[in-house]
Amino acid sequence: MTTAEATRVAARAVEARKTYGTGEAAVHALAGVTVDFPQAEFTAIMGPSGSGKSTLMQCVAGLDRLTSGSAFIGETDISELSKNDLTLLRRDRLGFIFQQYNLIPSLTARENILLPLTLAGTKADQEWFDTVVSTVNLGDRLGNLPSQLSGGQQQRVAVARALVPRPDIIFADEPTGALDSRTGIEILTFMRRAVDDTGQTIVMVTHDPHAASYANEVLFLEDGQIVDSMEAPTADRVLDRMKRFEG
Amino acid sequence: MLTLVLSSVRHNLGRYLATLVAIITGVGFYTAVGFISDRVIDSFEGDVDTQYGAVSVAVIPDDSLEVDNATATDGQLRVPQRAVDALLDLPGIDGGAGIVTGTVGFLGDDGAAFASNTTGRLWVTDEELNPLTVEDGEAPTGTGEIAVDQGLAEDEGFAVGDEVTLLTLAGPEPVTIVGITSFGNSDAIDSSGTVSISPDDAFDWLNDGHTSYETYYLRGSDAEADLVDEAQDVVPAGFQAQSGDDFRADQRQSAGSFGKVLKQGLQAFAILALLVGGFVIYNTFSVIVAQRLRELAVLAAIGATPRQLKRSLRTEGLVIGVVGSVLGVVAGFALTLLLDLALRITGGSLPGSATTIGVANVLGGLLLGTIITVLSVMIPARRAARTEPIEAMRDAAVESNVLSRTRGLIALALVLLGLAGMAFGGGLWTIGGGILAFMAGLFVGAPHLAKGGARLARPLLSRFGLEGRLAVDNSIRNPKRTATTSNALLIGVFLVTLVGVAGTSMKDFAVGEINKLQSADYIVTSTGGSVDDDLIAQFEEVPDVEQVVPFRREPVLVGGEVMPISSGDVDAIADVSDIKVEVGSLDDLGPGTIALLDLGQADAPWVGDTVSVEDTDGQRSDLTVVALLEPSLDAAQAGSIVDQATFEDLVGDVAPTVAFIDVASGAQSETKRDIEDIADLRPDITVQPGNAIGQLVGTIFDFIIKAVTGLLLMSVIIALIGIINTMSLSILERRRELGLLRIIGMTDAKVRRMVTLESVLISLLGTLSGLIAGLVVSVLLVLSINRLSTASVTPSIPVLELVLILVAGVLLGVLAALVPARRSTKLAVLDAVAAT
């Protein structure tokens, strides 16, 4: 995938390093990672705890700064952006799904879904909004507050919130981590369909081999470096690969 | 458990910061006020010993003959030399000192008067009784010699040997400064400076040539009681002999009572500030309990009893209370030293020589701070004790914005009860109880008010965009906390409004009533001198002066009471002044008759009755009452009126000492200045504008309103700390949410604006409810006064001040948000994704 020049790239990292502490005590969360995330594909990042998978995603998504190297969203070098421009970039071009659903408790489901667009001061494409809402099956719960929704429903609101603005790229951090397996499958199916049907780009960090099997490609990180990748993954193959880390 | 408490305090120190600041501010203010007042009290009481330490018997005006202030004039009874001679002849008396004072001034080479309000004093030759110490040069013993006090010498650049011109009642006199004096630890006895004058000149210059004294002090070696008994027989009419001990005790009390009243008043404000601080403490601990629910639940799960949980919180409160109070006492002492230093730098000084650390003040501060803290922690501690172990398993603390209906009903009932009490109450208890019930209702119902207020504000704040909308929603997520925060501000604003509205209404009423009582434009009084023809001519030359009416006045005993009697051109006096006859007629005034001032006493003589009038020498005449004069300010100046012959018969042929001046209506301020300029060159002359008392009362009211408002600022500052505290704590609680908003694209500026808007909302809530409560209570109070008395006070609403308070409320909100808003965007956005 790293050599696939025919595919356009949604985001990439070049020689990305992230170091915590200095000298003897320095911890290299990212030790020079170069990676492309192709457009209209579903990429999963896996690795044992402390491998740097979350750090990689956070740095590419502009939530954290690299110690050295650069990260790009499309052609924009985000390591050069100011804090404010970074916020605007996230608002206009990125979407996020978290393990903790992270909805604003005082806003209704509809308002939470529309939050990024409200912040940008733009209107939703009504047709697209309806499509997304019906896809995630929330039609009759739009007027409810998050506290009146189940965990699965809350996560579906969070997915819809990421999808509705049609961002260049959606970053998902353990999106099914807090859900039972049936609801988890539902959410992953939505994400898969978004990639297949509308060409949405998704980058997902997970430690669940089953979740990773929904991706086009799985990247494996260990000690801050990409050590392997797997195209067309299945849950069993991913699990086998993961077992090798523990060995 | 104590280890747990201490480690918890250490870990949460940041959260306790606001609590500590609130306690320190209140306790610091309390102790500083105590230290300074004690110093003032000590110094005043110390002065008494310096001044009267050697006095065995004091011959002073008889208090029981004192009339109320409306009729008291500067005309005092005096101790004549005859009486003094008799007193000094008594066996066992070793010496004496008479007090003679008068106003003096200095005439510069340029012909202008300066230091023209200085007190001239007869130099006391008896060394033991003399309160002054000669610091430089020598005592003024010969004619033309004076001594000035250190302060005056420093201010005016006087030195021993200087030849200056002293303005006295007898006119300008060339004098030589022969000495510089001090008084105990201070410069002078008199606040405006002391000039000591030798016995050769003092009576001429200060007392119009009469050898008589205001008071007389005796020194003797026998027992004070015996000396008093002896003196009693020779004391002149209107005077009494008091033993030195009693006299000093009285003096000490009257000197110290000012300081004591000051101390109590100021400390009341400090306690109020501390009570407001109680809200801050309560809020902090409520938040801490909510945030620590999981930790408390774990403790409960592993076997901590509710009692232990409660005690751990209370102990935490105790630790914070003690630490805050100790720091507060230290801050209070530092504040005192700082104030002293600041005063010294600007050329002033606190009275007294040194600040002593009074044990009572320190203990009082420590106890107050600690008790209020522990009391404020009671309710949060009870909440902690109710923690169920199951809460350890639950997700983050759930905020509840559900308010019970009972609370609303209780609040409503209290408010209605309070309003009824204030509107229909017939006495202090019902009205006071009404105010308390009304305020209690407001406090109980405050969460409902917060919710309702936020709902009302929603359309307005939504105009600011999403952040405005979220600010409103956040503020009512925990309406109780919002309410407690704004309640702290409510108290201060309520009191400021109450004092402003009720005070202004009373002031306007009082000033109006007083001004109704007087019509003469100026009253000229000579102390010790006379209003002579030359002076009258000078006044008459001033443009716009229409009439100058001089009259003679002398204090005498009328029917056993000290009262001035006056005599002059009765028609002219009645013409320019407000003297009105109630019964009888001034036309009947002739030899052997009197127009008596009606003091409103039930047993007062009536027209046709006879009253006995006695002068200081004990000479008596019986006069027939021909008229009763209505009491007014002008009438009080004149007292009772007799005709010229009767006056001369009683007092002697003396010059007039008082005059009413009538000025054309619409006269300019130049007229006033011209009149005052003439008076300035005559130390004995004082000019009072006719509305002076009204102005004075108005000024006093204004001063009290301003002073009280200023003191209430202390509680407003603590309320400000409360808002900062609440905002900071809720930002910590919501950091996940704030992180999310920023991740999905809310700019830092908007996040800060959201925090600021919430803060403004809280502070406006407190300001507005305080303002409205203050208005309601003060208007009802004024109406109650009207209902229960014959007065008709119009409620005056100082609109400008109220608008200013409102604007200040908004600014306060913005100010309180400064720190929390900055902190809100300092948190890492990644907090949102970090699973807790």
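Guide: Two strands pair if DSSP finds at least two bridges between them; strands (E, at least two residues) and helices (H or I, at least four) are DSSP runs, numbered from the N terminus. Here, Ala11(A) stands opposite Phe37(A) in β2(A). Strand β1 (residues 9-20) of chain A pairs with β2(A) in the antiparallel sense over 9 bridges.

This is a predicted model: local features need pLDDT of at least 70, side-chain atom pairs count only at pLDDT 80 or more, and totals for chains, interfaces and linings use all residues. Residues are numbered from 1 along each chain as its sequence is written, with chains lettered from A and ligands numbered from 1 in the order in which they are written.

Visitor: What is the strand order in the open sheet of chain A?

Guide: Strands of a sheet pair through backbone hydrogen bonds, either parallel or antiparallel. In chain A, the open sheet of 4 strands runs β2-β1-β4-β5, with antiparallel pairing. At its edges sit β2 (27-38) and β5 (76-77) of chain A, each pairing on one side only.

Visitor: How many helices and strands does chain B have?

Guide: Chain B has 23 helices and 23 strands.
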